[in-house]
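Please walk me through this structure in the viewer. I would like to know what to select at each stop and what is there.

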Amino acid sequence: MKSDGLLSTMIAAAVRAGQLANDSLHDNLVAERKGSRRNVFSTMDLLLERFLVNELESRFENPVIVAEEERQDEMPDDGQFFTIDSLDGTVNYLHGLSDWAVSISWFEAYRPGAGVIFAPVSRELYYASQGLGAYMNQEKLSVSKRAYEDSLFCISLSAENGSNSNRSQQLELFQVVNESSRGVLRTGSAALNLARLARGRVDGAWGKDAKIWDIASGLVIASEAGARVWTSTINWQDFTLDYVVGNPENFQDLYARFRSFF
Amino acid sequence: MLRIGVVGAGAIGRGFVPWLFRSQEASFFFVENNVSILQVLKRDTFTTFRSSKRGYESISVSVGGVVQSAKELPGDCDFYIVAAGTRVFPEIVESFAPVSAPILSLENDRSIVQAASRARPDLEIFFGIPDVIASPTAPGPLLQEDPAACVTEVGTCYIPEILGGTIPWGPDIVFASEEAMHEQWMAKLFLHNTPHCIAAYLGSLSGKTFLHEGFENPKLSKVVEASVSEMTEMLGRKHGLDSSFLESYGRKELERFKDRLLFDPIARVAREPFRKLAPRERLVGAAELALSVGVVPRAIQTGILAAFLYDRADDADWHLRFLREGLDPAAFLEIVLGLSPASALFGSLLDDWHGNMDFLANLDAE
């Protein structure tokens with residue numbers, strides 16, 4: 001598939017979708033559970049996903065798309081496909097909070113190569129493509145230089161309940177890092193965690209059993225902004241992976257702590 | 001012999017600054033991180049030129065040394081001058097070794113000097129206003145004579161009068177009171193910077209390389225002249241500046257832009273459009289100020305849209321193209337310019353959007 005206009009198209013789609021969602025922010029949206037209490041989706045998630053799929057299909061011929069709610073095409077031989085998280089931070093959205101975003105990524109040879117994240121309430125538009133740098137609106141992004149002890153981190157906790165030991169370990173790791181650094185936030189949006197890491201506003205992020213559509217765009221953006229990134233091998237059955245991302249100064253310390261648990 | 005440290009060996013640093021000391025013996029220590037400029041300066045002297053009514057004049061510039069970082073500058077210079085670009089100014093100041101001699105910023109932004117002074121209270125940093133256009137290059141025959149050649153024009157430099165007794169300054173220096181510095185800065189910001197970059201963006205759309213070439217197009221000329229009128233009116237109403245001073249300044253600027261001897265590259269003037277489109281800067285800031293005093297900035301709005309269309313792969317803000325291609329006009333204004341949809345400028349730009357885009361698309365048509 002040609003990549004002419006790839007990033008621009010992803011930007012256009014993400015912004016239009018975000019504006020649609022923002023216009024409905026205070027409407028009475030139906031929320032349904034997908035399992036645990038925290039794993040919810042709203043009618044907006046599905047509406048937006050269909051909107052985004054339509055946008056990509058109108059611009060590209062037969063795009064392969066892997067999305068959170070509905071569309072999950074078969075993995076192509078060439079490893080080229082889009083991921084869509086139409087509303088990363090659904091719980092925040094349903095509660096009228098501002099930390100939610102539309103997230104689209106593009107994979108080349110099964111590796112994320114371009115990413116766009118749009119947070120409509122704060123008007124933050126993050127975009128990056130491999131080798132071209134990472135940007136938010138006009139600004140070129142660069143990660144922070146804070147050492148581990150002075151760093152503020154973000155954790156992404158899977159909404160699905162993992163095994164008890166896995167969840168307990170995650171919470172223990174949270175405590176360990178929280179007490180040895182400037183702290184750990186749980187913002188409810190993995191995409192925005194990574195985007196703000198790229199911007200230098202937070203200094204690291206990690207997650208266990210994250211879905212690729214949640215974090216792929218953020219990984220590209222953070223990487224292009226100078227972050228150090230580790231991911232586990234992607235489980236292509238359920239599209240999950242683990243990840244640890246930091247700046248060059250704090251990454252080793254964060255990664256070592258993560259690995260001491262997982 | 002005077003020892004002058006100069007950070008930034010571009011158009012101002014190596015093209016204009018030496019002229020300020022032409023009446024005394026001076027040796028210049030340059031800081032430059034562009035390797036190709038660094039290489040051509042690694043010698044004892046180079047020649048720099050200026051355009052005048054008599055054609056080109058030249059002086060020989062004595063090079064005391066060339067280094068890549070401000071921290072490598074000799075700590076015993078009699079004076080330091082910084083003209084390296086507003087985006088890098090904060091990190092330059094941060095890297096300066098503690099020196100006792102004054103540091104004069106000739107950057108195009110007064111606020112960064114104030115911020116730098118707060119960040120480095122151990123340094124004496126002042127704001128100066130070069131009233132000149134300088135090109136970092138020169139026409140072919142002059143470059144053949146000296147690959148380090150630049151061309152500037154006959155100009156002056158306004159510096160705070162407190163610096164009067166520091167070193168033996170040349171005749172092109174004007175020592176100015178705080179009020180006079182303010183007047184000159186307002187004029188430079190809005191009667192030079194604003195129409196200058198508009199001329200560059202329009203010239204770029206016409207495929208021109210040097211600024212004066214764009215003025216062969218009467219449509220371009222008319223827009224730039226109109227922007228000068230809008231700013232003259234704004235400065236008079238908003239800041240109460242003297243109208244004859246403003247009109248004379250505006251006429252002078254228009255003549256400068258058309259100087260065929262200057263060879264001012266459009267790429268230099270137009271560079272970093274995001275910086276120029278920043279909220280309180282020479283395009284959006286100028287337009288908002290105009291609207292605030294009842295002046296409709298039609299020409300400046302044309303310039304703003306022309307800046308949106310600037311597209312050079314080697315420009316630091318080349319990523320503008322993704323936003324231009326991906327966003328509709330309203331989203332572009334909100335997300336890229338940070339304009340509130342409730343603002344007068346937002347509405348005005350949107351109203352004129354398609355008309356302006358048509359005009360710009362047909363800039364070269366008869």
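Which residues form one aromatic cluster with W213(A)? Select F81(A), F107(A), Y110(A), W236(A) and F239(A) together with W213(A) to display the cluster. Keep in mind that this is a predicted model.

Next come aromatic pairs. Over all chains, a search of the whole structure finds 30 of them. For one of these, select F258(A) and F262(A): their ring centres are 5.2 Å apart and their planes make an angle of 45°, a tilted pair. F258(A) has a relative accessibility of 1% and therefore counts as buried, the cut-off being under 20%.

Now go to chain B and select F30(B) and F46(B). This aromatic pair is also tilted, with 5.9 Å from centre to centre and 55° between the planes. F30(B) belongs to strand β2 (residues 26–31) of chain B and F46(B) to strand β3 (residues 45–52) of chain B, so the pair links parts of the chain that are distant, 16 residues apart. Both F30(B) and F46(B) are buried.

For the last stop, select residues 218–239 of chain B, helix α9, and residues 284–292 of chain B, helix α13. The axes of these helices are 9 Å apart, and the packing angle is about 60°. α9(B) and α13(B) are therefore oblique to each other, and their crossing is left-handed. To see the contact, show M231(B), M234(B) and K238(B) on the α9(B) side, and A286(B), L289(B), A290(B) and S292(B) on the α13(B) side. By class, this contact has five nonpolar residues, one polar and one charged.

Conventions:
Residues numbered from 1 in each chain as written. Chains lettered and ligands numbered in written order. Predicted model: local features only at pLDDT ≥ 70, side-chain atom pairs only at ≥ 80, totals over all residues. Heavy atoms only, no water. Axes fitted to C-alpha atoms, helices over the stretch in contact; angles between N-to-C directions. Helix = DSSP H or I, 4+ residues; strand = E, 2+ residues; numbered from the N terminus. Parallel < 35°, antiparallel > 145°, perpendicular 65-115°, else oblique. Left-handed = near helix turned anticlockwise from the far one by under 90°. Contact = heavy atoms within 4.5 Å. Nonpolar A, V, L, I, M, F, W, Y, C, P; charged D, E, K, R; others polar. Phe/Tyr/Trp six-rings, centres within 6.5 Å; stacked < 30°, edge-to-face > 60°. Buried < 20%, exposed > 50% of the residue type's maximum accessible area, 1.4 Å probe, protein only.
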